[in-house]
Amino acid sequence: NDQNSYDPHMTIAQFDNQEKLNEAKSSLTLRESFKFPVQYVYILQRPYDNDTTSFHISYQLPLGPVLQPINSKHLNCVDYKLQELFQTMNLYETDESYQRKQEKFKKLSSCFEQMFNKDTLHCFTHSFLSYGSFRIGINGQDLDTVFLLNELKSIDNETTFDRTLRQLKHDSNALNNHIVNLLETQINVNLKNEIIYYRKIQALFPIISILFNDQTKVEIFVQIEINKEQSSNFQQSIHGIYEIERLFIYVRFPPIFQHLLAFIRAWAQHVGLYGQVYCYLGGYSWAILCAYICHTYLSPIKSLSSIEHFSIDEFFSLVQKFFSTFAQFNWSSQELCLYSKSYKQMTLSNKSSVHNRGSMRIISPSPPYNNTGRSTTNSTRDLIIQEFQCVLQLLDSVNIITCEDKMNALKQILELNNDFPNENTKSLLQLTLSSENIHELDEWIGWIKSRLVRFVNDCEEECHLIIQTQCSIEYQSNNTEAFYSLAFQLDSQTLDQHQNFFRCLKKCLHQFNLYPNRKKSMKVSYKIVSIHDWKLERMQPKLQRIIK
């Protein structure tokens, strides 16, 4: 601002007069340097035309790409009663669990560095990064990571390893398989005695799934970026990395955001609304919704103690705002955005197909501003809205006057269960997936899950069907067979005679058969059953099913 210039500075102390300043100077002089940890930078603000008004904290910005985990021992976090509530509801990750994940991440990082480094590669670089719940600092079942191999423009001083990768780069499937095999070899050589198994799973990206002896599970997404002719104005999106870092800018106060996201994420998983592969919202979309609520409804605070004393009453109000805001949001015609200043308003016709795709438009705050809810369909959108409304109905039916009332209401929200199949459905399409061992079965399931969104979209757009997707896979206890179901509002006889539906199903089965690494033992079959017969069948004494 030309009229009101401001020089950024750090204020150590303020004094009423020069005499008091002189008295304190000696104690402010540093004779020896010292180090101390800094987790956040606090952005202070006050009206530019009134320097008598006290500063308040507008934003609490984290330093570093990974947020500190929230737990009952987290200082400068929230009120201790809210921490006790989270502890009771098992929403915190234990220190032991977090430390185990940190240890596995460091070991894998060191393991991959042995093969992918500056001595062996001159034309490629690699990164091994965490993302998801571990990066956000909330409790998660697995440690999600991404291994990125990136081709450089320069081709000087090519190594033998570079030459091998460059020869494969025009066949993406061959290159993916080669990199995955190298990573598996490194894991086997360095960590063989520490792991129970490692498996390859094929989805949108190749995935390596590892289970360690201490039951820590790590998933490694493998992403390979090859130079293309066309240039891009946007930084290449690494699976879930840059986007979540940009999101931290908007949440105002990360510890409060982390608590809200941990609560909402647990609720979404309990009621069966979690997972992009099942046409619901993924973790990043839920994070954007929580960031929107924090950005909109959290007021600037006077001091750090206001964060430390963030109470159950205040948290309950934030949760209530979440469900009321998004239950009333016009999802059919509006998009939810956390716009940055660099965002240029685009007409609907000018937006990319990725931006427009999906029945819930939840726009990433990072370029190129893609729709993170692009997997949602009209059916799953309506189910999500119904569950938002269901929570509001619950809150209307219980007392929410005292702090104790609000604690009980929060607990009841997390006690809501997954209603699959719901009362509006009449028939099911059940897929049976099989292979000769659990390793091949997981690989086969990963591929099939990556094809589900297209099938559900075809059923909606071409057949005008209303569908409820199951948000989990059911494994037989022998681990060579698994089941996945989709529920329809048509009765089984009508669905069985629906020509357009079978045309879509045939196209979907063809997609399954296109899996490039498919083995003869990988099989899929289907049947259409009524909800009544499905429930009767599940009551029969058979092999135990395990939901994953």
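Asp442 sits buried in this predicted model, at a relative accessible area of 10%, where buried means under 20% relative accessible area, exposed over 50% and partly exposed in between (1.4 Å probe, protein chains only). Its salt-bridge partner is Arg199, with N and O 2.4 Å apart; a salt bridge here is a side-chain nitrogen of Lys or Arg within 4 Å of a carboxyl oxygen of Asp or Glu. The pair ties together distant parts of the chain, since Arg199 belongs to strand E5 (residues 195-202) and Asp442 to helix H15 (residues 438-449), 243 residues apart. Arg199 is buried too, at 8% relative accessible area. Helices (H or I, at least four residues) and strands (E, at least two) are DSSP runs, numbered from the N terminus.

A word on bookkeeping: residues are numbered from 1 along each chain as its sequence is written, and side-chain values use heavy atoms, with hydrogens and water left out. As the model is predicted, local features need pLDDT of at least 70 and side-chain atom pairs count only at pLDDT 80 or more, while totals for chains, interfaces and linings use all residues.

Searching the whole structure turns up 19 salt bridges. Glu462 pairs with Lys507, with the closest N and O atoms 3.3 Å apart. This one also links distant parts of the chain, Glu462 lying in helix H16 (residues 452-463) and Lys507 in helix H18 (residues 499-513), 45 residues apart. Both ends are partly exposed: Glu462 has 36% relative accessibility, and Lys507 has 32%. Shared partners also join Glu103, Lys104, Lys107, Glu194 and Asp214 into one salt-bridge network. In another pair, Arg166 and Glu158 bring their closest N and O atoms to 3.4 Å. Here Arg166 is buried at 16% relative accessible area, whereas Glu158 is partly exposed at 31%.

Now for the greasy part. In soluble globular proteins, nonpolar side chains tend to be buried together. A nonpolar core is taken as a set of buried Ala, Val, Leu, Ile, Met, Phe, Trp, Tyr and Cys residues joined through side-chain atoms within 4.5 Å. The largest such core has 110 residues, and the members touching the most others are Phe257, Phe263, Trp267, Trp286, Phe322, Phe323 and Phe501. Helix H8 supplies the largest share of this core, ten residues. Setting aside neighbours within four places in sequence, Phe501 contacts Leu429, Phe455, Cys459, Cys463, Leu465, Phe488, Leu495 and Ile528, contact meaning heavy atoms within 4.5 Å. There is also a second, separate core of 32 residues, with Leu175, Leu191, Ile220 and Ile226 among them.

Helix H8 (residues 254-270) also packs against helix H14 (residues 403-414): their axes come within 8 Å and cross at roughly 40 degrees. Axes are lines fitted to C-alpha atoms, for helices over the stretch in contact, with angles from 0 to 180 degrees between N-to-C directions. H8 and H14 are therefore oblique to each other; under 35 degrees would count as roughly parallel, over 145 as roughly antiparallel, and 65 to 115 as roughly perpendicular, with the rest oblique. Phe263, Ala266, Trp267 and His270 of H8 meet Leu410, Ile413 and Leu414 of H14.

Overall, the protein has 19 helices and 15 strands, and 49% of its 548 residues count as buried.
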